[in-house]
Amino acid sequence: MAIQTNNRLTCLLSVLIASLYSQLVFAAGVPANTTISNTATVDYEIGGVAATANATVTFTVVELLDVSLLWQDAANVSSSSRQNNVVITYELTNIGNGSDQYLLAVDGAIAGDDFDIAPIDLEIWIDNGDGLWSSATDTLYTGANGPVLNGGVAGSDAIVIFVVADVQAGLSAGELSNIQLNATSDTANTAGQTGNVGAEIIGAGDGGVNANVGLTGAIANAAGTIEIVSSGVSINKSVTVIDTLGGNDPHTGAILRYRLDVQISGSVAIDNLIIVDPTPAVTTYTPGSIRLNSAVQTDAQDAPADYSDFNVSNANSITVDLSQGSAVSIAPPATFIIEFEVTIN
Ligand SMILES: [Ca+2]
Ligand SMILES: [Ca+2]
Ligand SMILES: [Ca+2]
Ligand SMILES: [Ca+2]
């Protein structure tokens, strides 16, 4: 009878082992390199005497290599034709159960849209955690510094990635360009198993456990779209003559009151908008005559009192920095009126 009981016990444990194995190998939620033990107990009697047998199986969870990449912008990213630093946002997530580093690549030459962006005009940046791109605080991807994400640790499994594009000139409103970001598991890539779903990479997982290439093939890509929108800065210049006799004849001594109407249109914010207007020949600038939207501006370079000057930033010219030392991005629509006076010599 003892032999029969042992056979039965062996059979039960085999089922248990098979069941445990199938669950553990594919349990992405359990961190890689986690040890799981399970002890089975069998109670029985021999000749009326109670007895107990135990059997323990121990597994170490293997690492599953899986990755997800999603485009995050709510709509097409607007750009004017010829604009720098157009930012497309993606989220990279390690949906495996271990720690993995990722190789990143961007492709600006996707077919089936209206235009391509040259590789030299595309950069990949890794966010510092605030979700906003800044060249001062985020990290430029160089090929060797891909993000390390841990799918087994909540909060350490995802990161925002930016593609920053310089869009060329000569494009028309409505034209689209799809920009594809690719992320590849470094572990799968190193083993030459990228895309090989189900491949087992011996000893390549966390802590030396085996790594399995998951259903994503350990590679992901996502495309975001840039859309060209109309945008522009227009400037219109006019002059009023105020002569010394109360009329408007441009003779010696007459005042020329110049007016510049600057208009920002379209849907893309304008940066570094600086207006420079040289004093015409045979005229003399009237000190203290600069007005911006009717507000008096000083001739001195005295920001932040104002951002206008005469003959400081540019020789014998008025200069009005509407972007206030690169601090202000001007969103359309916006209108500025700049006035200044000169006298005919
Ligand atoms: Ca790993
Ligand atoms: Ca394209
Ligand atoms: Ca950031
Ligand atoms: Ca000033």
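# A guided tour of the strands, cores and loops

Three bridges join strand β19 (residues 283-285) to β24, and the two run antiparallel. Strands here are DSSP runs of E with at least two residues, numbered from the N terminus, while helices would be runs of H or I with at least four. Two strands count as paired if DSSP finds at least two bridges between them.

Before you go on, note that this is a predicted model, in which local features need pLDDT of at least 70, side-chain atom pairs count only at pLDDT 80 or more, and totals for chains, interfaces and linings use all residues. Residues are numbered from 1 along each chain as its sequence is written, and chains are lettered from A and ligands numbered from 1 in the order in which they are written.

**Stop 1: β24 and its partners**

Select Thr283 and you will find Ile344 of β24 standing opposite. Next, pick strand β20 (residues 291-292), which is joined to β24 by two bridges and runs antiparallel to it. Here Arg291 stands opposite Glu339 in β24. Now try strand β17 (residues 255-266): ten bridges join β17 to β24, again antiparallel. To see one facing pair, show Leu260, which stands opposite Ile338 in β24.

**Stop 2: a sheet of three strands**

Select β18, β23 and β22, which form an open, antiparallel sheet in the order β18-β23-β22. Which strands are at the edges? They are β18 (274-278) and β22, each of which pairs on one side only. Neighbouring strands of this sheet are turned by 10° against each other on average, direction ignored. For such angles, axes are lines fitted to C-alpha atoms (for helices over the stretch in contact), and the angles run from 0 to 180 degrees between N-to-C directions.

Zoom in on β22 and β23, which run antiparallel and are joined by three bridges. Asp309 stands opposite Thr319 in β23.

**Stop 3**

A cis peptide bond joins Ala303 and Pro304, with omega about 10°.

Move on to the loop between β23 (317-321) and β24 (334-344), which holds Pro333. Pro332 and Pro333 are also joined by a cis peptide bond, and omega is about -5°. Gln324 is found in the loop between β23 and β24 as well. Gln324 is not a glycine, yet its phi is positive, about 50°. Gln324 is partly exposed, with 13 other C-beta atoms within 10 Å. On this scale a residue is buried with 20 or more other C-beta atoms within 10 Å of its own, exposed with 12 or fewer, and partly exposed in between; C-beta atoms are placed from the backbone.

**Stop 4: a sheet of five strands**

Select β5, β15, β12, β7 and β10: these five strands form an open sheet with mixed pairing, in the order β5-β15-β12-β7-β10. The edge strands are β5 and β10 (148-150), each pairing on one side only. The twist averages 35° from one strand to the next.

Ser79 stands opposite Ile228 in β15.

What is the phi of Arg82? It is near 70°, a positive value in a residue other than glycine. Arg82 is partly exposed, with 13 other C-beta atoms within 10 Å.

**Stop 5: the nonpolar cores**

A nonpolar core is a set of buried Ala, Val, Leu, Ile, Met, Phe, Trp, Tyr and Cys residues joined through C-beta atoms within 7 Å. The largest one has 39 residues, and those with the most contacts inside it are Ile161, Val163, Ala165, Leu181 and Ala183. Strand β11 (residues 158-167) gives the largest share of this core, six residues. Apart from this core lies another, of 15 residues, including Leu273, Tyr285, Ile290 and Leu292.

Now centre on Ile161. Leaving aside neighbours within four places in sequence, Ile161 is in contact with Tyr90, Leu92, Leu104, Ile124, Ile126, Asp127 and Leu181. Contact means that the C-beta atoms of two residues, placed from the backbone, lie within 7 Å.

**Last stop: Asp138**

Finish in the loop between β8 (122-126) and β9 (139-140), where Asp138 lies. Asp138 is partly exposed, with 19 other C-beta atoms within 10 Å. Not counting residues up to four places away in sequence, Asp138 touches Trp125, Ile126, Asp127, Asn128, Trp133 and Phe162.
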